[in-house]
Structures are given as structure tokens and as C-alpha cells.
Amino acid sequence: MTTLEHIVRAIKIFGFPFSPGVYTGSEDHWFTYNYVDDHGELFGDDEPLETINRIQLHYFLPVEENYLKMKNEIRDALLREGFTYPEIESMDDPNPDIRHLVFECEIEEEREE
């Protein structure tokens, strides 16, 4: 399973639309996601034995809505799907009516043989 498939499995349970990169729909809750980086770890014979993908999951919702319970549920869903414990940041959005939470975490890439 790819890293992006793991992301989709984690967020699909919430029932909100999602898209890699940019969401262009009209819903008031949505997810987007992207890679931050892809790097090797645990080197042997000058080759990485593992590839780690660092991703960002973005959750957008109305600014007046209490987001704390949902923030915890998203974090737990990422953990269940094999991601590391996410760093979570609230970002300013150009639209003052939107709250933008960013979950940044890592997962080991599954290599296809």
C-alpha cells in the first residue's frame, strides 16, 4: 500500500471530501494532503534500508466550530494507519471564515518487490 493510500484510509472514515494538493469543491469541511519529503534511513552498503515519507494532512473547517475533538480523532486515525505521532499546527488562512489545521507526520514507505 502506498503512502497516499494510507492517508486516504485514515481520513475516509470522516466522510469529508479530500484531494491531493488543492480542493476546489464547495463543502465547508475538507482535507488535502501532500508530501513534504522522502528520505532514506538505516543505511547499509551505502544504500538506505528504509525510505521514510514525511507528509502533511490539511484539515479545513469553519473557524467558529470547536475543532478539538476532531483534531484528536484525526491524529488517532493517522496513528492507527501507521504514521508517527503528528505535529499539529493551526495555520492562518486567507479566508478569515476558515480554520486550517496541518498534521505533519512520517511513515515508512512500503517497497514493492
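**Reading the labels**

Analyst: Happy to! Let's start with Glu81, which counts as buried at 12% relative accessibility. Keep in mind that this is a predicted model.

User: Why is Glu81 called buried?

Analyst: The label buried applies under 20% relative accessible area. Glu81 has 12% relative accessibility, so Glu81 counts as buried.

User: What makes the contact between Glu81 and Arg9 a salt bridge?

Analyst: The cut-off is a side-chain nitrogen of Lys or Arg within 4 Å of a carboxyl oxygen of Asp or Glu. For Glu81 and Arg9, the N to O distance is 3.1 Å, so the pair meets the rule. This pair links distant parts of the chain: Arg9 sits in helix α1 (residues 3–12), while Glu81 is in the loop between α2 and β4 (87–91), 72 residues apart. In general, side chains of opposite charge can pair when their charged atoms come close.

User: Which residue of helix α1 has its C-alpha atom 9.8 Å from that of Glu81?

Analyst: That is Ile11, in helix α1. Ile11 and Glu81 are 70 residues apart along the chain, and their C-alpha atoms are separated by 9.8 Å. Ile11 has a relative accessible area of 1%, which is under 20%, so Ile11 is buried.

User: What makes Arg54 and Glu87 a salt bridge, and where do they lie?

Analyst: Their side chains meet at 3.2 Å, N to O, and the limit is within 4 Å, so the pair qualifies. Arg54 is in strand β3 and Glu87 in strand β4, 33 residues apart.

User: Which salt bridge joins Arg54 to Glu106, and what does it tie together?

Analyst: The closest N and O atoms of Glu106 and Arg54 are 3.2 Å apart. Glu106 lies in strand β5 (residues 98–108) and Arg54 in strand β3, so the pair ties together parts that are 52 residues apart in sequence. Through shared partners, salt bridges join Arg54, Glu87, Glu104 and Glu106 into one network. Across the whole structure, a search finds five salt bridges.

User: Why is Ile52 called buried?

Analyst: Ile52, found in strand β3, has a relative accessible area of 7%, which is under 20%, so Ile52 is buried.

User: Which residues form the negative surface patch?

Analyst: The patch is formed by Glu27, Asp28, Glu64, Glu65 and Asp97.

User: What is the overall layout, and how confident is the prediction?

Analyst: The protein chain has two helices and five strands, running α-β-β-β-α-β-β from the N terminus. Of its 113 residues, 40% count as buried. The chain averages a pLDDT of 91, and 89% of the residues score at least 70. Confidence is highest in α2, at 98, and lowest in strand β2 (residues 30–44), at a mean of 83.

Methods:
Residues numbered from 1 in each chain as written. Predicted model: local features only at pLDDT ≥ 70, side-chain atom pairs only at ≥ 80, totals over all residues. Heavy atoms only, no water. Patch = residues over 30% accessible without salt bridge, like charges linked within 9 Å, V, L, I, M, F, W, Y side chains within 5 Å. Areas by Shrake-Rupley, 256 points an atom, 1.4 Å probe, with all protein chains shown as cover. Lys, Arg positive; Asp, Glu negative; His and termini not counted. Charge placed at Lys NZ, Arg CZ, Asp CG, Glu CD. pLDDT = per-residue confidence, 0-100. Helix = DSSP H or I, 4+ residues; strand = E, 2+ residues; numbered from the N terminus. Buried < 20%, exposed > 50% of the residue type's maximum accessible area, 1.4 Å probe, protein only.
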